[in-house]
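Here's a quick briefing to read alongside the model. Have the sequence and the 3D view open as you go.

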Amino acid sequence: MRNSISVISILCSIVTCHIHYGLCQSANSRFDGFIKSYAFDLQLADTTLTNIVYLMYDPDTVPESYTALISTAVCNDGLCQHLQIKLYWDLIGNYLAYDTIAGLPLTKYDHLPFTNEDYTKLHQILKDQNSVLERKSIDELFDHEKARISLTVDATTGATAEVVKNAIVGGALYSTYTLWHIANGSIKNKIGDFTSSIYDSAIQEKLLKSPEYKQQLFGLKMMNDQDFEHQFDLVFDLMRNGNPLVEMFILKKIPQTLWTSAQYRQSLIRSFPELSINGRSLLLNQLSELDWLDKDGLQFLSDQLGNMTYTQLKTYLALLVQHKDQVDSHIKENLYKEAKASTDNAYYVSQFLENYK
Amino acid sequence: MKHILFVILLCSTINLFSQSFLIEAESFSEKGGWLVDPQFVEQMGSPYLLAHGMGEPVKSAKANVDIKKGNYHVWARTRNWAPGNWMAPGRFQLVIDGNALPIELGENPEWNWEYAGEIKINARTIIVELRDLTGFEGRCDAIFFNRDNIAPPNDVKELAAFRNKHLGKSDIPKQVKSYDLVVVGGGIAGCAASIVAAEQGLNVALIHDRPLLGGNASSEIRVHTLGIYGHFERILKLLDTEHYPNGSPDALKDQEKRQRNMEKFDNIDLFLNWRAYTSNTSEDKIISVDARHTSNGEQIRFKAPYFVDCTGDGWIGYWAGAEYMYGRESVNEYGESWEKHGELWSPEKPDNFVMGASILWRSFEDDMPHLFPEVPWAMDVVKGYSARNGEWQWEYTSTDLHQVEDAETIRDHLLKGIYGSFYNEKQKPGNENLTLEWVSYLVGKRESRRLIGDHIYTFKDAKNSVQFPDSVVVEEREVDVHYQQFLLDPDKPDFLSEALFYKTKRYYVPYRSLYSKNISNLFMAGRNFSCTHIGLGGPRVMRTTGQMGAAVGYAASLCKKYGVMPRDIYQKFLNEYMNLIMTQKTVSLNEE
């Protein structure tokens, strides 16, 4: 009887997989037409099989992403089942998507096939790099006091701990856990290392233009001082349009040579209103390191007094003292205006004007 | 002779006509609903009274004042903590014998003396009253009566001298007390150090600037304790908390337990509501710490051969000239990268973007409607964000702000976030009965100064589970470092954080991270121990810092036994020290 049920389940799952293949295929379609080449071998923990990771190129033959047909075992209490799935990662090893293999749908306990919702949920789980699955061992994910009896095994299978129910596909703890660690485990560093080994200007441009901040940062970290100058426009756009983390990284990393060049410095100063609060502080701090600052820059910043925090204002006022020869009537007028505003800053500006008559 | 008498009388008369006097607000005998806030003394000069009414004006604070009759100009030292094109949120009035001076106070940015008005006094004793008008954090430091129309100085240093002159005080305490060990800071680390030292027979002074022990775990801040007990279960169970939700009133039960257990020790002198204000040194040793009562201004000089800095901000070490660190090191300086999170975890270039401070808060559904006033001064901060309670993620830090020097600004920013978010929540249909239950006004800090010891604890020590010969603290909890949510999503408010958890095996903190490198008789325990920014990530929770305190207590007892310095314990008495820690585990628990 049990064998009959197993056969029927397998047959159903094959039929179901054909239905899901359309869904599965959606992950593949964005890589249609991409050429691929061997990148490196991937050895996984629970299998002796060697999986091959391929580098995929976009239609312009620029490296775009990585893929691998993963064959691995998913084991639980000594029972193992074979799992095959195609995974995709971006140039720096972040999980992008997955695809099932025709005739081999994903299954959960008792070989029940994944539902459409399960497939969707799996993708969301694999995308979550901060998943609780990362920092909990498989034993910590069970509620040992509960038990659920599987139809196909004699031993009871512990039910999932409450805390992780949302972090897994229901009934597929081991598969979810295994796949998450494959998609987000050591492969990430390996891909990052491989990309670094083939790094060139085309990859750099692709990363800097990526909408993903991690790719942007990867590209920025690979840049030397000359790269910053050659790619200034691109970096400058990224600084203004990227998230605050990227913005701050750029502001800290822009080489001294650009700060001391009038052309680049002016652009940077004029970006002040577009920067985050922390970005503005970093910009002012960088200006404090310069031996010389021109009047235009100081004037522009004097127009921004109303947008400065107290600490930023202090830094700016110190700049005026440092470069007092550049303080003109435009700047003074803005100072007097700010001194009369009903803000915290007004008090300091008044004090400053009092002390530096 | 008649001439001499005339001159004396004239001088007395001049004194009478030039009479002025100062009242410290925190010394008011009847505080009403105002709370003593001593958190920012080092920055603005004094504890002050805070009208923390969560939007409802608090009951007046009152003081009886003996005064000579006459006309006086009156000033109050205060600040407008949210200046802008709106009515100041923390407005209050001075009321003298029931007559309110018409000028509303709390209008000017920054701490300053605001003129309250002129008054004619006909009685010898008057009642001075602080009348809160808004319930939104009005603050009053002091009140000054002067026959002349001359305000006291605003400069903090000049004001300190002015205060001393008017109150007949000096910075040098007259009262001196001597102990075997002085522990400054009554959080879990300080309490653990005190208990252990007392058990070992030392006479201990524990100085704490709040009425309740526990630091971030106290019922005033209500963060639950995390981490494991390590070797010190029997000590830490006297002090720790249950795992209630952060901010829960369940904190009160554990507060009672902690207080009871601390008071059992006859050889721990508890100095609650006392705040240290300087360390006095001779060469590389602290010889005494001076402290002042946060309400009555009384001063004591505490002498001891050994001191423990559990202040969190490393004040005792800072004043003594101990080496310290502040900020986030470059990822490359100590090899603390986590590739997965890169710049979010540890920056390529160093900066001051340390983990932030939190204020926890709660609301509840009452069985009747409650109004909540408009808070225009909060809207720039919260914009459209709404919430009905706030836990650990309500955390604020900035490259712009120092967690010590700008703590009041940080606290006030969080309050804007809270009141603004709650206001937005109240505007939603169905929330008419929602009302604030509790909002802390004490900043729960995570990171500021870290005093440097003979070993700087790093992420690598945790990641590699390095076992030291002097491993005294054990932990299993993930290395947990926070970042501000807006860094990845600029639409998020700047007062919300997210956590990154690096899972490791068991890790250990060595004793060498618990005493100062250059101040020879100074221990430290708590979040100001010797570590990098990432190194702090794991051990910063309170059972772990409690372990540090206990470890330091044992070290102090051996220092006393042999008349040596903290470093000598590692260099000459390590076996005995480690043995002492291991064997103390079986001593019976001293708890109810």
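How much area is buried between chain B and chain A? About 2,800 Å², with carbon and sulfur atoms giving 50% of it; buried area here is the accessible area (1.4 Å probe) that two parts lose on being put together, summed over both. Keep in mind that this is a predicted model, where local features need pLDDT of at least 70, side-chain atom pairs count only at pLDDT 80 or more, and totals for chains, interfaces and linings use all residues; side-chain values use heavy atoms, with hydrogens and water left out. Residues are numbered from 1 along each chain as its sequence is written, and chains are lettered from A and ligands numbered from 1 in the order in which they are written.

**Confidence**

- For the complex, the predictor gives an ipTM of 0.88 and a pTM of 0.89.
- Chain B has an average pLDDT of 94 (the predictor's confidence in each residue, from 0 to 100), and 96% of its residues score at least 70.
- In chain B, residues 6–18 fall below 50, and this stretch has 6 contacts in the model beyond near neighbours in sequence; contact means heavy atoms within 4.5 Å.
- Chain A averages 84, with 84% of the residues scoring at least 70.
- Residues 1–27 of chain A have a pLDDT below 50, with 28 contacts beyond near neighbours in sequence.
- Residues 149–158 of chain A are also below 50, and that stretch has 19 such contacts.

**Where the chains meet**

- Chain B puts 34 residues into the contact and chain A puts in 31.
- On the chain B side, B:Lys340, B:Glu343 and B:Asp400 lose the most area to chain A, together 24% of what that side buries.
- There are 4 salt bridges between the chains, each a side-chain nitrogen of Lys or Arg within 4 Å of a carboxyl oxygen of Asp or Glu.
- B:Asp351 forms a salt bridge with A:Lys252, and the closest N and O atoms are 2.6 Å apart.

**Nonpolar cores**

- A nonpolar core is a set of buried Ala, Val, Leu, Ile, Met, Phe, Trp, Tyr and Cys residues joined through side-chain atoms within 4.5 Å; buried means under 20% relative accessible area, exposed over 50%, and partly exposed in between (1.4 Å probe, protein chains only).
- The largest core has 126 residues, and those with the most contacts inside it are A:Leu220, A:Leu287, A:Tyr316, B:Phe523 and B:Tyr577.
- Helix H12 (residues 542–562) of chain B gives the most to this core, with 10 residues; helices (H or I, at least four residues) and strands (E, at least two) are DSSP runs, numbered from the N terminus.
- Leaving aside neighbours within four places in sequence, B:Phe523 has contacts that include B:Tyr306, B:Tyr511, B:Val552 and B:Pro566.
- A second, separate core has 47 residues, among them A:Ala39 and A:Tyr177.

**Two helices of chain A**

- In H4 (residues 187–197), A:Ile187, A:Lys188, A:Ile191, A:Gly192, A:Phe194 and A:Thr195 are buried.
- These residues cover an arc of only 165° around the axis, so they sit on the same side of H4(A); the arc is that of the directions from the helix axis to the C-beta atoms.
- A:Asp193 and A:Ser197, on the other side of H4(A), are exposed.
- H6 (residues 213–221) is mostly covered, with 8 of its 9 residues buried.
- The cover over the buried residues of H6(A) includes H4, strand E4 (79–90) and helix H9 (244–253) of chain A.
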